[in-house]
Every structure is written in C-alpha cells, then in structure tokens.
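The points below are grouped by topic for reading alongside the coordinates.

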Amino acid sequence: MTGEPTRTVARLVDRQPGMTAAELVGHLVPPPQFAHASLENYEPDERYPSQAQAVEAMRTFSGDTVSASRGFFSRKPAAPVAKPGVYLDGGFGVGKTHLLAALWHRTRGRKYFGTFIEYTAIVGALGYREAVAHFRGAALIAIDEFELDDPGDTMVMSRLLGELVASGSRIAATSNTPPHALGEGRFAAIDFLREINALADRFTTVRIDGEDYRKRDIEGHAVSLSDEAFDARIVAEGDGVTVDGFRDVLRHLSTVHPSRYIGLIDGVTAVGVRDVEVLHNQTDALRLVAFVDRLYDAQVRIHATGVPLDQVFSDEMLAGGYRKKYLRATSRMIALTSAAHEHAAR
C-alpha cells in the first residue's frame, strides 16, 4: 500500500539547548522589530513635546552635539551628558524601547541589549562573578523593562551595574512600575532610583509623556482552535513548527534554565500547543512569561487549543504582585495567536 509518508512533527520537549556563556551573552541584541530603530525614524507625537526632547537627550547621551535650533537644548550646543547612566521614564506606547535600541545602534564598541529578565537569567546561569567578567568594560549596557517587583533580582542587578559603571561602562535603562503604584505604568523614576539607591546619582532621568496604554483594557483575544483547525494549521506551517501538550511544555521549561529558552526556539517559526489550561502555580506562570518573551522577540507564531491564552492566568495571579508581567505576556500571546491566524488566512 502506497501513499504520502507521515511527516514527523518536531517537539519542544525533545530540545535540550546547550549554550556556552559566549552564546548566551551574544543573544543580547535588540529584537528583530527594532533591528533598524534610529533616532531619525522615531516619530514624536506633536501633542507631547517631551517625546522630541527625549530624542535630543538620547542624541546627547550618545555623544553627539545638537544645534540650538533643535529645540530641547537651547542657547548653545548640547554638551555630552556627564553621568554614565540614562533612564527613560514613561508609559507604554511612547517609544522607550525604540529609543533604547536606537542608542544601542549608535554606540560603537562592545555593547549589549536585553530585558531585565534576560540579564538576571544570565547571571543565574553563569554565576555573578563570571557574568561580571563577560560584561565588564562594555561600552553600553542597555536594559529594557527593568523589573521593580523582585527585590532580590533588583539588588543583584544594582550591584552588577555598580561594578560595570566602575569599569567604564555606560548604562541605559527603561523600567516597569510596581503593580498598584500611583500612575501605574508610567513615570516610575522615583521607584527606579530608589531601587538602585547606590547608583541613583549616576543616572540622568528623561521623562517621556504620551498615551498611557495601561488605562485601556488589553485589546482583542487570543485565538483558540478546534482540534481540526489546529491540525490543518500545523500541516500548513511546514517544517518550522513544533507541537506539544501545554502541560508537557511547562514541565520541560522547568528543566531548562530561562537564559537558554532562546535556544528552544532556534529555527522555529511557529509553535503548536494542545490543551491549554488555566494556571494556578505561580512558578509555572513566571516560566511561561519568560518563554513568551522569547517567542515575541523572535515573532514566533502560536497555534493553540483549549483555554484561550489570554485567560491562562488565574484571577488570583492577576491580582498579585506579578500582575504587570502577566498582562504583558497576555498581550503578547494575543498578538502571536493573531499573527498565526492572519498567516493562515493568506
């Protein structure tokens, strides 16, 4: 009996990424969507003058001078910022990550760009001393989404940054606001500077006004598929897709250090996840958040069955101290399942 051979679909759980310290650190570059970010293609909202001012502040921090006619630094050309750190303070949707990536692209020499979670994961994987050795002397350490909801990690990062500044590195950061804080999601400078107290006077704060997206509900819903639709999507994706059960993925994530999650999806264009269910274990939930961040950075589509992924975090979790992380992951899972839906419709 002849016929089409059955295609063996790859599984995430079969992947055991082994990455050297150099490879882990080598992944610290801006996500693909910011590969061409520049100060020139940042589009300030005219309703918020601080956005244009932020562009000039980042230009100054990068070492460029600006003529008085450019507006923010009037009367004389801007002198380079003396302080070794700059902190972008503003809400969602104002372009902090774009400006951070633009600064990274403008910086010559050895430089790194990553989220707070990525840096702390690397410190955990390599050990503090080895991490310092890899980063020491870098021209720029860019930290997106500096987390202010984990005191232990914040203390480690503050200590690390202190050593790096002492070695001549410059630091640029954005941060998240602790859940339930006044002005949640914007203007977190006081919180940021308090948490890095030993370094606070080394940072220049650049405030960026704009639309506060945390005042809006997350738009859209994650796409959940029937078993038949799921199978059809997987076939259509071809060889770049993996398929696993939701529980199996969570179990596997517990065996892989978060710094190596990027290795799990190397060469993957889409992931299929069966039988998604509501999470009640916070450790599993935080691992999922870290994994979703890697999927989002790589723009890996998600096909899923079961509970829609925007409902995966329990109400109790969303009311707790990691609410900000869960909302970010929810928004990203909605985007990735929507991208998968749009891809299938072509």
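The accessible surface of the protein chain comes to about 16,400 Å², and carbon and sulfur atoms account for 51% of that area. The model is a predicted one. Of the 346 residues in the protein chain, 50% are buried. The chain holds 13 helices and eight strands. Among contacts between residues at least 6 apart in sequence, 81% join residues at least 24 apart.

**Nonpolar cores**

- The largest nonpolar core has 36 residues, and Leu-279 and Phe-313 are the ones that touch the most other members.
- At least two residues of this core come from each of H9, helix H10 (261–264), E7, H11, strand E8 (301–306) and helix H13 (323–345).
- H11 provides the largest share of this core, with seven residues.
- Beyond its neighbours within four places in sequence, Leu-279 is in contact with Phe-246, Leu-250, Asp-284, Ala-285, Leu-288, Val-312, Phe-313, Ser-314 and Met-317.
- Another core, of 32 residues, lies apart from the largest one and has Tyr-112, Phe-135, Ile-143 and Ile-171 among its members.

**Helix H3**

- Helix H3 spans residues 96–106 and is mostly covered, with nine of its eleven residues buried.
- The buried residues of H3 are Lys-96, Thr-97, His-98, Leu-99, Leu-100, Ala-101, Ala-102, Leu-103 and Trp-104.

**Salt bridges within helices**

- The whole structure contains 19 salt bridges.
- In one of them, the side chains of Arg-59 and Glu-56 meet at 3.2 Å, N to O.
- Both Arg-59 and Glu-56 belong to helix H2, where they are three residues apart, about one turn of the helix.
- Arg-59 and Glu-56 are both buried.
- A network of salt bridges links Glu-40, Glu-56, Arg-59 and Arg-106.
- Arg-287 forms a salt bridge with Asp-284, with 3.4 Å between the closest N and O atoms.
- Arg-287 and Asp-284 both lie in helix H11, three residues apart, about one turn of the helix.
- An α-helix has 3.6 residues a turn, so residues three or four places apart point the same way.
- Arg-287 counts as partly exposed because its relative accessibility is 24%, and Asp-284 counts as partly exposed at 21% relative accessibility.

**A salt bridge between separate elements**

- The side chains of Arg-247 and Glu-277 meet in a salt bridge at 3.1 Å, N to O.
- Arg-247 lies in helix H9 (residues 246–253) and Glu-277 in the loop between strand E7 (270–276) and helix H11 (282–298), so this pair ties together parts that are 30 residues apart in sequence.
- Arg-247 is exposed, with a relative accessible area of 55%, whereas Glu-277 is partly exposed, with a relative accessible area of 29%.

**His-252 in helix H9**

- His-252 is found in helix H9.
- With a relative accessibility of 7%, His-252 counts as buried.
- Leaving aside neighbours within four places in sequence, His-252 is in contact with Leu-12, Val-13, Arg-15, Gln-16 and Leu-264.

Methods
Residues are numbered from 1 along each chain as its sequence is written. This is a predicted model: local features need pLDDT of at least 70, side-chain atom pairs count only at pLDDT 80 or more; totals for chains, interfaces and linings use all residues. Side-chain values use heavy atoms; hydrogens and water are left out. Buried means under 20% relative accessible area, exposed over 50%, partly exposed in between (1.4 Å probe, protein chains only). Helices (H or I, at least four residues) and strands (E, at least two) are DSSP runs, numbered from the N terminus. Contact means heavy atoms within 4.5 Å. Accessible areas come from the Shrake-Rupley method with a 1.4 Å probe; for residues, only the protein chains shown count as cover. A salt bridge is a side-chain nitrogen of Lys or Arg within 4 Å of a carboxyl oxygen of Asp or Glu. A nonpolar core is a set of buried Ala, Val, Leu, Ile, Met, Phe, Trp, Tyr and Cys residues joined through side-chain atoms within 4.5 Å.
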